[in-house]
Amino acid sequence: SCNASNNDVVFDVQRATNSPFLAAAFFPKYSRAARTLFVDDSAFAPTQDLIGILTHEFGHSVGFRHEHIWIGCTPEPTSEARQVTAYDEMSVMHYPWCRDPPGGGESVSPLDMLGSVQLYGLSPALIASAG
């Protein structure tokens with residue numbers, strides 16, 4: 001019963017093979033039936049950062065868009081996006097090959113953290129530990 005028609009399950013995880021992407025996720029507005037995280041076998045290669053890949057994809061699931069759309073590295077439109085913080089080349093939401101020089105950024109940056117706090121507030125666990 002763990003499938004796209006079960007509303008007690010928030011999203012599915014499915015294997016993708018021969019995908020053009022290492023992984024692909026969904027945005028919050030997607031219906032339950034369309035909320036699937038696809039992970040290609042190639043994401044598990046020793047040369048890949050699986051944690052960074054999944055962090056990027058879960059960024060989409062909470063509404064974050066690709067950071068590199070602001071510099072035109074890919075043809076993605078900015079019409080349904082808004083900048084919450086200044087442009088951040090080291091954002092986990094930025095494709096590594098769109099950086100100069102290419103690479104890095106497979107972890108959450110300080111601006112990623114700031115943007116998520118601005119949108120969602122601090123985690124109750126962080127508030128409790130600070131007090």
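Contact here means heavy atoms within 4.5 Å. This is a predicted model of a protein with 131 residues. Its secondary structure comes to 3 helices and 3 strands.

**Overall build**

- From the N terminus on, the order of elements is β-β-β-α-α-α.
- Along the principal axes, the C-alpha atoms fill a box of roughly 40 × 40 × 35 Å.
- Buried residues account for 31% of the protein.
- The accessible surface is about 8,300 Å², and carbon and sulfur atoms hold 60% of that area.
- Take the contacts with a separation of 6 or more: 47% of them join residues 24 or more positions apart.

**Nonpolar core**

- The largest nonpolar core has 5 residues in all. They are Ala23, Leu37, Val39, Ala43 and Ile53.
- In soluble globular proteins, nonpolar side chains tend to be buried together.
- Leu37, one of the core residues, has contacts well along the sequence from its own position, once neighbours within four places are set aside.

**Largest pocket**

- The volume of the largest pocket is about 650 Å³.
- Its lining counts 31 residues. Nearest the centre lie Gly59, Gly63, Phe64, Arg65 and Leu119.
- Two elements each give two or more residues to this lining: α1 (50–61) and α2 (110–120).
- α2 gives the most, with 7 residues.
- By class, the lining of the largest pocket holds 15 nonpolar, 9 polar and 7 charged residues.

**Second largest pocket**

- The second largest pocket has a volume of about 540 Å³.
- It is lined by 24 residues. Closest to its centre are Ala23, His56, Glu57, His66 and Tyr95.
- β2 (23–24) and α1 are the elements that give two or more residues to this lining.
- α1 gives the most here, with 5 residues.
- The lining of the second largest pocket divides into 13 nonpolar, 7 polar and 4 charged residues.

**Links between the parts**

- Ala23 belongs to the largest nonpolar core and is also among the residues closest to the centre of the second largest pocket.
- α1 gives two or more residues to the lining of the largest pocket, and α1 gives the most to the lining of the second largest pocket.

Notes
Residues numbered from 1 in each chain as written. Predicted model: local features only at pLDDT ≥ 70, side-chain atom pairs only at ≥ 80, totals over all residues. Heavy atoms only, no water. Core = buried A, V, L, I, M, F, W, Y, C linked by side-chain atoms within 4.5 Å. Buried < 20%, exposed > 50% of the residue type's maximum accessible area, 1.4 Å probe, protein only. 1 Å grid on protein atoms, 1.4 Å probe; cavity = no way out; pocket = protein on both sides within 12 Å on 5 of 7 lines; lining within 4 Å. Points joined across faces, edges and corners; volume = space filled by probe spheres on them. Helix = DSSP H or I, 4+ residues; strand = E, 2+ residues; numbered from the N terminus. Nonpolar A, V, L, I, M, F, W, Y, C, P; charged D, E, K, R; others polar. Areas by Shrake-Rupley, 256 points an atom, 1.4 Å probe, with all protein chains shown as cover.
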